[in-house]
Amino acid sequence: MTSPSAESRPVDDPAREDPDQDGALLDAVVVGAGFAGIYALHRLRRLGMRVEVLEAGDGVGGTWHWNRYPGARVDVESLLYSYSFSPELQQEWRWLHRYAPQAELQQYADHVVDRFGLREHITLNARVVAANYDAGENTWTVTTEGGLTRRARYLVAALGSLSIVNTPSIPGLDDFDGLTLHTSQWPEEPVALRGKRVGVIGTGSTGIQLITAIAPEVEHLHVFQRTPNFSLPITNAPMDPEYERGFKQDYGDRVEAARQSSGGLSAGAPVIRSALDVSESERQRIYEEAWQAGGAGVLRAFTDLMTNREANETAAEFVRSKIREIVRDPDVAERLSPRGYPIGTKRICMDTGYFETFNRPNVTLVDVRSDSIVKMTESSLETASDSYPLDVVIFATGFDAVTGPILNMGVTGPGGTELPPRWENGPRTFLGLATSGFPNLFMVGGPLSLGVLANGFFAIEQHVDFLANLLEWARERGYGRIEATPEAEDGWVRHVAELAHRTLYPEGPSWYVGANIEGKPRVFMLYSGGFANFRRECEEIARSDYEGFVFSSS
Ligand code: NA7
């Protein structure tokens, strides 16, 4: 689908009429028009602030604008994976599917932007490549690839965790005469794959969705898998009007109940038992029920699946048994079975018939862990021991996640301080919101915040509301300069690491710990204490007059 505003999009051309050529000072520049940037714009404008959003893409929606590959779909229920700040919006928006596909999410983003009168404050095709703080003026100057500049008191980076694309450098890639695509830079117009010999590299959430979607269409699909992934059935369906009506009758209560859960995902009955406290047959019955219900229920079936390796292994083995049940060729089933890391420590995947896809005669699994990719030629992908003639190669190879977006934005603080050297041993933030030495720079869902470990919308709303309240508090007291203290940051870095080490998360070779990017420090980059605890910690900080931040008037 195309965005309704495509015709009228402004272009990042320095020659175009620039409403801010006078260099007028904005209260805030928000970078990114994904769901975080859209809400930040709305919320800060409600404070009476003058705000502009700069967005690299040619439409709004962030992740859901870029990731338009076949099969792209959210794996959190849409009635909960949506804004809660406006009860009217909740009631009037009709999700057509229980789990929305990319096009519906894109439509939702456009709807919200228009409904709340935000579009005129968003400049598209404006990729920020530099952001410099001027200590004398206490302002940020932001420059885009096209040469547009903006000056603002506050810089709000709403960049998303997954926006810097990771494409492996394969020798000979440029020699390949066929089509190469990355799932996160998918063209707007449909890509003709029918009758083509297609290779997909990568079997994360994206690869799993894409592979399932395109397998019936292509002549032959080679799946190049490095690490097998755990995947659970999502049981998507068209929205049942009765279910929707019931949900909307007590929407507010359901959202609040979900917010009390660790991930902000489920309003179900609280889980109270360890996986090791029930009999084998009872455990299997509970897992089976969760599997049939769909979604991530298997991972939430017991209290200790993410904290106890032995408990975790029961869930891991349950999923492996399902793979063996579904996949007819036992050798293929074994190669698809994840081993050696706890389930859930690499982001759990959700699918609609992924493992079944490997029963198709036109799908071949290639294990590139044991037979690694060595090069591309004009017409094929070569592994150490084989050659695969291909017309199309699709990279579903993920992102330089969490820290990549902010570290690649060309941020310089007072005296030209750069961020990457300060974070060379891992990200350093206070609440994932601010980093010491960089006044008035704020991140929404930044490193060491909840980020993707909670329902994205709830996390975004919580982070932005906290920021808005902080800015309002400072304004009321005449403060225009806000900075996290090094002590608060040290404490937060330690706290987040301690929380992570109470879980199994650090054991997974995942993008959560930067394992997918060569040379990246191995640090668990997210707050794993759960949505409700994160919110409580933030509320305590607000109540203490924002202890951990220093304020001054200049
Ligand atoms: P992921 O989850 O990072 O998956 C990327 C996949 O690509 C994964 O299977 C990687 O294997 C594989 N990969 C990466 N580089 C290579 C090379 N060089 N050779 C072979 N295979 C490679 O990204 P997704 O886009 O699927 O999902 C990202 C998030 O979006 C997801 O977690 C949800 O939150 C939504 P590896 O596992 O690293 O061995």
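How many Å should the 18 residues of helix H9 (residues 309–326) span at 1.5 Å a residue? The legends below take up this helix first and then the whole protein.

**View 1. Helix H9 in the predicted model, from end to end.** Helix H9 should span 26 Å, and this agrees with its end C-alpha atoms, which are 26 Å apart; the expected span is 1.5 Å times one less than the number of residues. The model is predicted, so local features need pLDDT of at least 70 and side-chain atom pairs count only at pLDDT 80 or more, whereas totals for chains, interfaces and linings use all residues. Residues are numbered from 1 along each chain as its sequence is written, and side-chain values use heavy atoms, with hydrogens and water left out.

View 2. The protein holds 16 helices and 20 strands, which are DSSP runs (H or I, at least four residues, for helices; E, at least two, for strands). Its C-alpha atoms fill a box of roughly 70 × 55 × 50 Å along the principal axes, and buried residues make up 57% of the 554 residues. Of the contacts (heavy atoms within 4.5 Å) with a separation of 6 or more, 72% come from residues 24 or more positions apart.

Methods
Buried means under 20% relative accessible area, exposed over 50%, partly exposed in between (1.4 Å probe, protein chains only).
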